[in-house]
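The exercises in this document are meant for a reader who meets this structure for the first time. Please look over the sequence and the model before starting.

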Amino acid sequence: MITGDLIRLRAFEPADADALWRWNHDPDVMRWMDQYYVNSLDQARRGLADRERNSYGDVLYAVEVIADGELIGLVRLRDAEPEIGAAELDIYLGEKDYWGRGYATDAMRTICRYGFDSMRLHRIGLTVVAANEAARRVYAKVGFVEEGRLRDAFRRDGRWYDKISMGLLEGELK
C-alpha cells in the first residue's frame, strides 16, 4: 500500500466493483467526467475482475481513508512511457461525503509522489474541464500549472466547455 496523510492507495478488489458502478451512475460524481456507456453491475464486476494487473504503463489504485477504511475513489497513472518519463493522471472521489475535506488533495500528492519517486517519472499531465473549479483548485494546490486550453472539447447538457491541460514536473510537487 502507498500511504498519504489521510488516505492510502491500494489495489482494487473484485468487491470494489459495486462502489465503482454506483459512482459511475451518480450524476453529481460524473458531472465533469467523460461519459461511458452504461454497464450492468455484473459487467462492472467482470470488468474489474478481468482487468490486467498494474504495470508501468497503467497503474490504477483505490483511494481508501486511513481512519475508517472507507473506499472513496480512485487514482490512475496511465500511458506512462519510461523513455520520456511521462504519464497522464486520472482521479475522482465517488463518495460525496468526503468531498471538500482534503482527501482529493492528499490522494493527488500521494499518487504524484509515487509517480516521481517509484516510477521515476519526470512529468505528470492531466486535463480538466475549465468549469470544474473545485478540481482545478486541488490540482493547483499540489503544484500543477496550466499549460494550454482545448477549446470546446467537452459537451454536457447541450453546452460545450473548454478543457485545460495541466502539468506537474518532478520537483514542483507542493
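This is a predicted model: local features need pLDDT of at least 70, side-chain atom pairs count only at pLDDT 80 or more; totals for chains, interfaces and linings use all residues.

**Exercise 1. Describe the overall make-up of the protein chain, and determine how its radius of gyration stands against that of a compact globule.**

Step 1. The secondary structure of the protein chain consists of five helices and eight strands. Read from the N terminus, their order is β-β-α-α-α-β-β-β-α-β-α-β-β.

Step 2. For 174 residues, a compact globule would have a radius of gyration near 16 Å. The protein chain has 16 Å, which agrees with that expectation. Its C-alpha trace spans about 40 × 40 × 30 Å along the principal axes.

Step 3. Of the 174 residues, 44% are buried. The accessible surface comes to about 9,800 Å², and carbon and sulfur atoms account for 47% of this surface.

Step 4. Consider contacts between residues at least 6 apart in sequence: 61% of them join residues at least 24 apart.

**Exercise 2. Decide whether aspartate 16 is buried or exposed, and locate its surroundings.**

Step 1. Aspartate 16 belongs to the loop between strand E2 (7-10) and helix H1 (17-24).

Step 2. Buried means under 20% relative accessible area. Aspartate 16 has 9% relative accessibility and therefore counts as buried.

Step 3. With neighbours within four places in sequence left aside, aspartate 16 contacts Arg10, Ala11, Leu48 and Leu71.

**Exercise 3. Check the span of helix H4 and judge how far the rest of the structure encloses this helix.**

Step 1. H4 (residues 103-117) has 15 residues, which at 1.5 Å a residue should span 21 Å.

Step 2. Because 11 of its 15 residues are buried, H4 is largely enclosed by the rest of the structure. Among the buried residues are Tyr103, Asp106, Met108, Ile111, Cys112 and Phe116.

**Exercise 4. Identify the members of the largest nonpolar core that touch the most other members, and the elements that supply this core.**

Step 1. The largest nonpolar core holds 37 residues, of which Leu77, Leu89, Met108, Ile111, Tyr139 and Phe144 touch the most other members.

Step 2. The elements giving two or more residues to this core are E2, E3, E4, strand E5 (86-93), H4, strand E6 (123-129), helix H5 (133-141) and strand E8 (159-169). H4 gives the most, with seven residues.

Step 3. Residues up to four places away in sequence are not counted in the following list. Phenylalanine 144 touches Met108, Cys112, Ile124, Gly125, Leu126, Tyr139, Met166, Gly167 and Leu168.

Step 4. A second, separate core has 13 residues, including Trp23, Leu60, Ala62 and Leu74.

How values were computed:
Residues are numbered from 1 along each chain as its sequence is written. Side-chain values use heavy atoms; hydrogens and water are left out. Helices (H or I, at least four residues) and strands (E, at least two) are DSSP runs, numbered from the N terminus. Buried means under 20% relative accessible area, exposed over 50%, partly exposed in between (1.4 Å probe, protein chains only). Contact means heavy atoms within 4.5 Å. The expected span of a helix is 1.5 Å times one less than its number of residues. The radius of gyration is taken over C-alpha atoms; the globule rule is 2.2 Å times the number of residues to the power 0.38. Accessible areas come from the Shrake-Rupley method with a 1.4 Å probe; for residues, only the protein chains shown count as cover. A nonpolar core is a set of buried Ala, Val, Leu, Ile, Met, Phe, Trp, Tyr and Cys residues joined through side-chain atoms within 4.5 Å.
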